[in-house]
Amino acid sequence: MRISVKFSSARLMLTLLLCGMSVILLENYNLAANQSLASRMLSIASGVGLCIVLFLPAAILRKNKNADICDVLKRKNRVSKTVFAIIFAVYLIFTSEYFLLKYTDMFTKKYYTDAPEWLIAVLFLAVCAYAAYRGANAVTRFSIFLFGLALIVYALIFGGAAGELKFSGEELGGGCDGFINDLLFFVTPSFAAVIFSLTSGYTEKFCLRHIFISGAALAAFFAAEEIFERFALGAYANQQEYRFFLLSKIQRLGEIKGMEAMYMAVVTTSVFCLIALSVCAVNYTAGGNVLLNSLVFPVILLVLHFCATSFISVREILSSVLVLDIFSGVAVAAILLLAVGYPNERRNHA
Amino acid sequence: MLRKILCFALCFCILPLSGCSKARHIDSAALAETITVERRGSAKIYTFYLLSGKEKPWGIEIEADRFEEAKRLAETVYIPNMSMAKLKLMLIEQEIAEPQLFEDVAFAASDAVFSPLSYVALCDSALLGQMKKRKDLPELIEKELILIKNNNENINIDFLSVFNEFARQGSGGFEMTFVNSEKELKATRVFVKNRGFPGRE
């Protein structure tokens, strides 16, 4: 039984911050090689800054009109409602599939090479479906503990790898293409803006500074990860996929070496929150039977997963950062269109 | 009630589907802790020393040109249940250090199963002979490596630092450890030329 209860907006932002961290945890040769540290930091700042800008339409709608996209859609005619619901549903399914593919790929390559990817996807989506059925309130309540766990794990990984840091002379390198490539990668957390715009109607005590604090925290996390990979892992980082996994392996605390298991835990929790919240958002947009939506959309994700593992061309499209960013742009444009139109409609009703 | 039934059913389905049929039981698993590389005649021999409860070291010798080939043969032919996740030490005979050291470290860097913090050192052939008789030797060697690292910050003793030294352009070479066993077990510094990456002189 789902209970629609208002929960704190800060909790939602905390969950979205946890989801945003999965971007760098599952980074796999997405960043340009041979970019200088300054260029990489600039791309992190620009990318996260752009994410914050993309957040603003939903934030202003929430702050000034005390509404989210679902409230706006209720006032639209049936055709508009269907079109916009499809745009958001397709976008959220694409985003969920992007991260699900990366997660199952990482799982089978780094931990259990004998396990079939489809089985990992089935089990994972089953849990996400149940969480989505319970609603965003339950997911965000759970994520407080997951965020606490994530903080402890990151402290251990970074603290344990600090002994391997070797600061050498920085080589200036890289070009415009590399900067743009990195910028596009660091814009991928903008999915949080779309999820926020669809779920914020269930939140209260929203404050604009939550978005800036979350953005700053995410940028700091990306920057810390970049510094540790560059100066602790060095050239070793480019020898394998999923560099953060390697970073967790060089952690050393006394006799304990390597925290790959904890890395797996934080990745699992981040991707779980992301997919569960995405399916929640699709539920809210689509309306209708919540149980049916919570089953149908994970099944769609599973089918897409099968297609991606069977056909390389499908996998390339579903794993493309550029396609994801384009979709994000379209979704945010839709949010802006709806947010701008909202006040006018209210005046008409009056 | 329905939720409980669904949960039990899901848990019941997970166990057989999750690959438990291919699980490696701990009592039949073979954990490789140390690897040595030496030349015998014209052949290269990789010896995998496995964790065991016996008094003498348990080593399996495999003839192979490269570490990658030796690992593949070990896993598929010679030691079916072998796991290399607990590898702590790799010893390479100094005579074949070039280019063996780079090739083996580069392979270890590309395989997720190896820890970047596993120790790697050069040694003499006498030590490799002693490895077959003394079970306590790997632990003593590790202590020597840690001791020499504490006294010399620039010395490289693990896969991570050795690989990064090979990757550093413009450097003529770097220091790593040579484990000597002529009179007593001792780790000393040795200079290794950096001709690691292809095309570099």
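User: Which helices of chain A each supply at least two residues of the nonpolar patch?

Analyst: A patch is made of residues with over 30% relative accessible area and no salt bridge, nonpolar side chains (Val, Leu, Ile, Met, Phe, Trp, Tyr) being joined within 5 Å. In this predicted model, helix 7 (176-186) and helix 14 (321-349) of chain A each supply at least two residues; helices are DSSP runs (H or I, at least four residues), numbered from the N terminus. The patch, of about 410 Å², is made by Ile180(A), Leu184(A), Leu322(A), Ile326(A) and Val330(A). Helix 14 of chain A gives the most, with 3 residues. Residues are numbered from 1 along each chain as its sequence is written, and chains are lettered from A in the order in which they are written. Local features need pLDDT of at least 70, and side-chain atom pairs count only at pLDDT 80 or more.

User: Is Ile326(A) buried or exposed?

Analyst: Buried means under 20% relative accessible area, exposed over 50%, and partly exposed in between (1.4 Å probe, protein chains only). Ile326(A), in helix 14 of chain A, counts as exposed because its relative accessibility is 51%.

User: Which residues have the most contacts inside the largest nonpolar core?

Analyst: In soluble globular proteins, nonpolar side chains tend to be buried together. A nonpolar core is a set of buried Ala, Val, Leu, Ile, Met, Phe, Trp, Tyr and Cys residues joined through side-chain atoms within 4.5 Å. The largest has 155 residues, and Phe88(A), Tyr103(A) and Phe48(B) have the most contacts inside it. Helix 11 (residues 260-286) of chain A contributes the largest share of this core, 16 residues.

User: How many residues of helix 3 of chain B are buried?

Analyst: In helix 3 of chain B, 10 of the 14 residues are buried, including Phe102(B) and Phe107(B).

How values were computed. Side-chain values use heavy atoms; hydrogens and water are left out. Patches are made of residues with over 30% relative accessible area and no salt bridge: like charges are joined within 9 Å, nonpolar side chains (Val, Leu, Ile, Met, Phe, Trp, Tyr) within 5 Å. Accessible areas come from the Shrake-Rupley method with a 1.4 Å probe; for residues, only the protein chains shown count as cover. A salt bridge is a side-chain nitrogen of Lys or Arg within 4 Å of a carboxyl oxygen of Asp or Glu.
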